[in-house]
Amino acid sequence: MAKLVFLGSGGGRYAMATQSRATGGFRVDMDGVNIHVDPGPGALVRAKEYGVNIRNTDVIMLSHVHLDHSNDCNAVIDAMTEGTKNPKGILVGSVSAVRGYENDSPAVLKMYLKTLENVVVMKAGDSTNLKNITVKATPTRHTDPTCIGFRIEGSKTISYTSDGEYFPELNKYHQKADLLIINMLRPDNDKWPMHMNLENAITLIKETEPKLCVLQHFGMKVIERDPDKQALKAAKETGVDVIAAADGMKLDLDKNYTPLSKYIRK
Ligand SMILES: [Zn+2]
């Protein structure tokens with residue numbers, strides 16, 4: 001069983017500041033484990049809005065320290081541990097998010113690190129087991145040099161690029177997933193350092209051949225050009241089912257994802 005809820009589809013500072021698209025991260029409920037990936041600003045509010053019980057969280061995963069990925073992590077830990085009274089849960093995160101990179105502060109407050117059952121700091125290439133699920137940290141090239149993606153392997157495989165630019169070896173770490181989630185900040189061939197655009201996403205989809213791909217983490221330029229239209233371009237060019245995440249979108253990976261048009265959200 002593998003279900004997802006997207007508590008946001010926006011990313012980058014302008015989409016985040018204006019909440020043109022929500023930035024609460026996404027939830028994975030797979031094989032009895034509830035995971036919250038990258039709880040950015042609004043994670044708690046969006047969870048309430050989209051019917052997710054945030055207290056029902058087993059694992060928090062932080063790909064990096066940037067605010068649009070980690071801002072609400074302390075609030076999620078507080079909720080899942082009943083205000084630190086009931087220590088539980090596992091935190092899996094990058095060096096920057098958990099320990100702090102060089103002189104920068106980490107995202108997680110020390111008082112909350114103590115309330116967790118386990119804290120796993122991951123670098124690209126590391127792997128850890130969470131009950132029946134294996135999590136592998138995948139490399140990125142991003143402005144946070146410790147940023148990692150996640151490959152979550154259980155009854156389904158979910159491969160998440162997190163932020164970062166396209167590079168030729170990236171495809172090695174995201175091959176043939178049931179679901180590939182790509183953070184696409186920019187539309188078409190619009191370039192922005194250390195992030196992917198639609199052209200990069202199309203290349204990665206062709207190279208990795210996922211069963212289904214969700215594009216998310218949209219900056220303002222993607223939002224202005226309509227994420228659904230961007231996803232449709234990728235679907236047509238790759239022959240893969242490519243969906244633009246919508247705020248509150250739910251996916252059940254045990255369902256069949258064809259035909260394409262059924263999943264193009266308006
Ligand atoms: Zn970032």
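## Tyr 14 and the model

Tyr 14 counts as partly exposed because it has 13 C-beta neighbours inside 10 Å. By the rule used here, a residue is buried with 20 or more other C-beta atoms within 10 Å of its own, exposed with 12 or fewer, and partly exposed in between, the C-beta atoms being placed from the backbone. Tyr 14 belongs to helix H1 (residues 13-18). Helices (H or I, at least four residues) and strands (E, at least two) are DSSP runs, numbered from the N terminus. Setting aside neighbours within four places in sequence, Tyr 14 is in contact with Gly 219 and Met 220; a contact requires that the two C-beta atoms, placed from the backbone, lie within 7 Å. Lys 221 is 207 residues from Tyr 14 in sequence, while the C-alpha to C-alpha distance is 9.9 Å.

The structure is a predicted model, in which local features need pLDDT of at least 70 and side-chain atom pairs count only at pLDDT 80 or more, while totals for chains, interfaces and linings use all residues. Residue numbers start from 1 along each chain as its sequence is written.

## Confidence

The protein chain has a mean pLDDT of 94, and 96% of its residues reach 70 or more; pLDDT is the predictor's confidence in each residue, from 0 to 100. Residues 261-266 have pLDDT below 50, and this stretch makes 11 contacts in the model beyond near neighbours in sequence. Where pLDDT is low, the predicted coordinates should not be read in detail.

## The open sheet

An open sheet of 7 strands has the order S6-S5-S4-S3-S2-S1-S15, with mixed pairing. Strand S6 (118-121) and strand S15 (250-252) are at the edges with a single partner strand each, so one side of each has no neighbour in the sheet. From one strand to the next the twist averages 15°, taken between axes that are lines fitted to C-alpha atoms, with angles from 0 to 180 degrees between N-to-C directions. Two strands pair if DSSP finds at least two bridges between them.

In strand S1 (residues 2-8), 6 of the 7 residues are buried. S1 runs antiparallel to strand S2 (residues 23-30), and 6 bridges join them. S1 also pairs with S15 in the antiparallel sense, over 3 bridges. Leu 4 has Val 28 as its bridge partner in S2 and Leu 251 as its bridge partner in S15. Elsewhere in the sheet, S4 pairs with strand S5 (residues 90-93) in the parallel sense over 4 bridges, and Met 61 stands opposite Val 92 in S5.

Arg 46 is part of helix H2 and counts as buried because it has 26 C-beta neighbours inside 10 Å. Outside four places in sequence, Arg 46 is in contact with Leu 7, Gly 8, Ala 22 and Gly 24. The C-alpha atoms of Arg 46 and Gly 24 are 6.4 Å apart, although 22 residues separate them in sequence.

Helix H4 (residues 73-80) has Cys 73, Val 76, Ile 77 and Met 80 buried. Viewed down the axis of H4, these buried residues fall within an arc of 100°, so they line one face of the helix; the arc is that of the directions from the helix axis to the C-beta atoms. They pack against strand S3 (33-37), helix H2 (43-49), strand S4 (59-62), helix H3 (67-70) and helix H6 (110-113).

Glu 82 follows H4 and has a positive phi, near 50°. Glu 82 sits in the loop between H4 and S5, and counts as exposed because it has 12 C-beta neighbours inside 10 Å. Glu 102, in the loop between helix H5 (95-98) and H6, has a positive phi near 50° and is a residue other than glycine. With 8 C-beta neighbours inside 10 Å, Glu 102 counts as exposed.

## The largest nonpolar core

The largest nonpolar core has 77 residues, and Ala 201 and Leu 215 touch the most other members. Such a core is a set of buried Ala, Val, Leu, Ile, Met, Phe, Trp, Tyr and Cys residues joined through C-beta atoms within 7 Å. Strand S11 (residues 179-186) gives the most to this core, with 6 residues. Beyond four places in sequence, the residues that Leu 215 touches include Ile 182, Met 184 and Ala 201.

Ala 201 is one of the buried residues of helix H7 (residues 198-208). The buried residues of H7 pack against S11, strand S12 (196-197), strand S13 (212-216), helix H9 (227-238) and strand S14 (241-244).
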